[in-house]
Amino acid sequence: MTLSTMILKMSEGLGNTCAIFFLTLLFSLPLGMIFALLRMSKSKAVSSVMRFIISVLRGTPLMLSLIHISDPT
């Protein structure tokens, strides 16, 4: 494998990584705002449920969550 082939493959990977990053940013910011507003809710039930969901999501690595959500089986 030549150096130019390796650089081409690495640049494709960099492009994919940047695309995934920006898509994650695009979807996570609004979702995070919704979670934060629900967590600050005056309703004790809503606030408690969101506190539990946030603690579960914080304790789960991101890749494990993504694999679990995207796996159809």
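Guide: Helices here are DSSP runs of H or I with at least four residues, and strands are runs of E with at least two, numbered from the N terminus. Residue numbers start from 1 along each chain as its sequence is written. The model is predicted, so that local features need pLDDT of at least 70 and side-chain atom pairs count only at pLDDT 80 or more, while totals for chains, interfaces and linings use all residues; side-chain values use heavy atoms, with hydrogens and water left out.

Helix H1 covers residues 3-39, and Leu 3 lies in it. H1 has 37 residues and spans 51 Å from its first C-alpha to its last, close to the 54 Å expected at 1.5 Å a residue (1.5 Å times one less than the number of residues).

Leu 3 counts as exposed because its relative accessibility is 59%; buried means under 20% relative accessible area, exposed over 50%, and partly exposed in between, with a 1.4 Å probe and protein chains only. Together with Met 1, Met 6 and Ile 7, Leu 3 forms a nonpolar surface patch with about 470 Å² of accessible area.

Further along, Phe 21 is partly exposed because its relative accessibility is 47%. There is one aromatic pair by the rule applied. The ring centres of Phe 21 and Phe 22 are 5.1 Å apart and their planes stand at 70°, so the pair is edge-to-face (centres within 6.5 Å; planes under 30 degrees apart count as stacked, over 60 as edge-to-face, the rest as tilted).

At Ser 28, shortly before the proline Pro 30, H1 has a kink of about 25°, the angle between axes fitted to the seven residues ending there and the seven starting there. Met 33, also in H1, is exposed at 54% relative accessible area. The C-alpha atoms of Met 33 and Val 49 are separated by 16 Å.

Met 40 lies in the loop between H1 and helix H2 (44-59), and is exposed at 61%.

Technical notes:
Patches are made of residues with over 30% relative accessible area and no salt bridge: like charges are joined within 9 Å, nonpolar side chains (Val, Leu, Ile, Met, Phe, Trp, Tyr) within 5 Å. Accessible areas come from the Shrake-Rupley method with a 1.4 Å probe; for residues, only the protein chains shown count as cover. A salt bridge is a side-chain nitrogen of Lys or Arg within 4 Å of a carboxyl oxygen of Asp or Glu. Rings of Phe, Tyr and Trp (its six-membered ring) pair if their centres lie within 6.5 Å; planes under 30 degrees apart count as stacked, over 60 as edge-to-face and the rest as tilted.
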